[in-house]
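Work through the exercises below with the model open. Try each task before you read its solution.

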Amino acid sequence: MGNSSSKITFFQWLRPLIESGQKTITIRDESESHYEPGSIVSVHTLETDEKFCDIEILSVEALRFEDINDTHARQELLSLSELKALLKDIYPGEELLYVISYRLVEEPR
Ligand SMILES: CC(=O)Nc1ccn([C@H]2C[C@H](O)[C@@H](CO)O2)c(=O)n1
C-alpha cells in the first residue's frame, strides 16, 4: 500500500480533466482491476507514455455495463450516452467492468 510502483494510462485528450482533479473515476476491464485502495499510481498518456500526475486509488468496484448511470457519467465528465458508447468501443461485448475511484495527488508548491 502507498507505493508508487504501479502505473495507469489515459487517453491524451483526458489529461486536462485528470490533472485538474475534475475527473474522479475511470471504468476499466478486469485486466485493470488490480489497483489497491490507498496506493499511489503514476498516470501516463497512452499515446506517448508521458507521466503527468499521480493519483491515489480510493476504491475499485465491479460494475455491470447495464448499471452504468448518470452519476458515473458525471464523474467521467461525459454524458451517459457518450460514456456507454466509449466503453462499448474500448471493451466490445464486455458485461462486467470495474469502476476505479481516485483522487489527484497534488504536487507540493
Ligand atoms: C488501454 C485502455 O483501455 N485505456 C483506457 C481506457 C479507458 N480510458 C478512459 C476513457 C473514459 O474516460 C474512461 C472509461 O473507461 O476511462 C482511458 O483513458 N484509457
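A residue counts as buried if 20 or more other C-beta atoms lie within 10 Å of its own, and as exposed if 12 or fewer do. Keep in mind that this model is predicted.

**Exercise 1. Fold and overall dimensions**

Task: Give the order of the elements, then check the radius of gyration against the globule rule.

Solution: 
- Step 1. Count the elements. The protein has 3 helices and 5 strands.
- Step 2. The order is β-α-β-β-β-α-α-β.
- Step 3. Apply the rule. For 109 residues, a compact globule would have a radius of gyration near 13 Å. The protein has 13 Å, so the two agree.
- Step 4. Along the principal axes, the C-alpha atoms fill roughly 40 × 25 × 25 Å.

**Exercise 2. Burial and contacts**

Task: State what percentage of the residues is buried and what share of the contacts joins residues 24 or more positions apart.

Solution: 
- Step 1. Apply the burial cut-off. Of the 109 residues, 17% count as buried.
- Step 2. Take the contacts with a separation of 6 or more. Residues 24 or more positions apart account for 71% of them.

**Exercise 3. The ligand shell**

Task: Find which elements each supply at least two residues of the shell around the ligand, and sort the shell by class.

Solution: 
- Step 1. List residues of the shell. Among them are Thr 9, Phe 10, Thr 26, Ile 27, Arg 28, Glu 76, Leu 86, Leu 87 and Ile 90.
- Step 2. Strand S1 (6-10), strand S2 (25-28) and helix H3 (80-90) each supply at least two residues.
- Step 3. Sort by class. The shell has 8 nonpolar, 2 polar and 2 charged residues.

**Exercise 4. The annotated site**

Task: Locate the residues that UniProt lists for "active site", and decide whether Lys 23 and Thr 26 are buried or exposed.

Solution: 
- Step 1. Consult the record. An unreviewed UniProt entry lists Lys 23, Thr 26 and Glu 76 for "active site".
- Step 2. Compare sequence with space. They span 54 residues in sequence, yet no two of their C-alpha atoms are more than 8.1 Å apart, so they gather at one spot.
- Step 3. Lys 23 lies in the loop between helix H1 (15-19) and S2. Thr 26 is in strand S2.
- Step 4. Lys 23 has 20 C-beta neighbours inside 10 Å, so Lys 23 counts as buried. Thr 26 is buried because 20 other C-beta atoms lie within 10 Å.
- Step 5. Trace the contacts of Lys 23. Beyond its neighbours within four places in sequence, Lys 23 is in contact with Leu 14, Leu 17, Ile 18, Glu 76 and Leu 77.

Note on methods: Residues are numbered from 1 along each chain as its sequence is written. This is a predicted model: local features need pLDDT of at least 70, side-chain atom pairs count only at pLDDT 80 or more; totals for chains, interfaces and linings use all residues. Helices (H or I, at least four residues) and strands (E, at least two) are DSSP runs, numbered from the N terminus. The radius of gyration is taken over C-alpha atoms; the globule rule is 2.2 Å times the number of residues to the power 0.38. Two residues are in contact if their C-beta atoms, placed from the backbone, lie within 7 Å. A residue is near a molecule or strand if its C-beta atom, placed from the backbone, lies within 6 Å of it. Ala, Val, Leu, Ile, Met, Phe, Trp, Tyr, Cys and Pro count as nonpolar, Asp, Glu, Lys and Arg as charged, and the others, Gly among them, as polar. UniProt positions are given in the numbering used here, feature names are shortened, and annotations may be inferred rather than shown by experiment.
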